[in-house]
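Here is a quick tour for anyone meeting this structure for the first time. Take a look at it first, and then we'll walk through some of its parts.

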Amino acid sequence: MKITEKQRAVLLFLSKQPHAIPQEIGAAAGGTKRNIPQGLGRIGGAMAHRLIKKGLVEDASFLRSGFPAYRITGAGRQMLLCT
């Protein structure tokens, strides 16, 4: 499976913490021109869902009382080692 450089950067970011919110993932993916929180959240949420489809990230909203959060999976950690 191939991943982009931005996806690799997000996986690396997620590997260093227990979970992250969409805005943090958006910032790790490169952010937007203006870096407004709403834009970062949209970028981060979309990136997280792409990585969930690949099995590299999982939903961790249970760690934040139901608010959006994501964490890296074992497969995601393996992907970092292989690339």
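## Ground rules

Helices (H or I, at least four residues) and strands (E, at least two) are DSSP runs, numbered from the N terminus. Residues are numbered from 1 along each chain as its sequence is written. What you see is a predicted model, where local features need pLDDT of at least 70 and side-chain atom pairs count only at pLDDT 80 or more, while totals for chains, interfaces and linings use all residues.

## A loop residue out in the open

Let's start with R34, which lies in the loop between helix 2 and helix 3 (37-53). Is R34 buried or exposed? R34 is exposed, with a relative accessible area of 69%. Here, buried means under 20% relative accessible area, exposed over 50%, and partly exposed anything in between, using a 1.4 Å probe and protein chains only. R34 and G55 sit 21 residues apart along the chain, and 30 Å separates their C-alpha atoms.

S65 is another one to look at, in the loop between strand 1 (57-59) and strand 2. S65 is exposed too, at a relative accessible area of 70%. Its backbone is worth a glance: phi of S65 is near 55 degrees, a positive value in a residue other than glycine. For background, most residues other than glycine have a negative phi.

## Two loop residues tucked away

Now for A20, found in the loop between helix 1 and helix 2 (22-28). A20 has a relative accessible area of 0%, so A20 counts as buried. Which residues does A20 touch, not counting residues up to four places away in sequence? They are F13, L14, I25, A69 and Y70, where contact means heavy atoms within 4.5 Å. A20 and I72 are 52 residues apart in sequence, yet their C-alpha atoms are 9.4 Å apart in space.

T73 lies in the loop between strand 2 (70-72) and helix 4. T73 is buried as well, with a relative accessible area of 15%. Leaving out residues up to four places away in sequence, T73 touches G55, L56, V57 and E58.

## Helix 1 meets helix 4

Helix 1 (residues 5-15) packs against helix 4 (residues 74-82) at an angle of about 120 degrees, with their axes 10 Å apart. Those axes are lines fitted to C-alpha atoms, for helices over the stretch in contact, and angles run from 0 to 180 degrees between N-to-C directions. The two helices are therefore oblique to each other: angles under 35 degrees count as roughly parallel, over 145 as roughly antiparallel, 65 to 115 as roughly perpendicular and the rest as oblique.

Who does the touching? On the helix 1 side, R8, L11, L12 and S15 meet G76, R77, M79 and L80 of helix 4.

## Which sides face in

In helix 1, the buried residues are Q7, V10, L11 and L14. They cover an arc of only 100 degrees around the axis, which puts them on the same side of helix 1. The arc is that of the directions from the helix axis to the C-beta atoms.

Helix 4 has G76, M79 and L80 buried. These also cover an arc of only 100 degrees around the axis, which puts them on the same side of helix 4. Helix 1 and strand 2 are among what covers the buried residues of helix 4. On the face of helix 4 turned away from its buried side, you'll find the exposed residues G74, L81 and C82.

Conventions: Heavy atoms only, no water.
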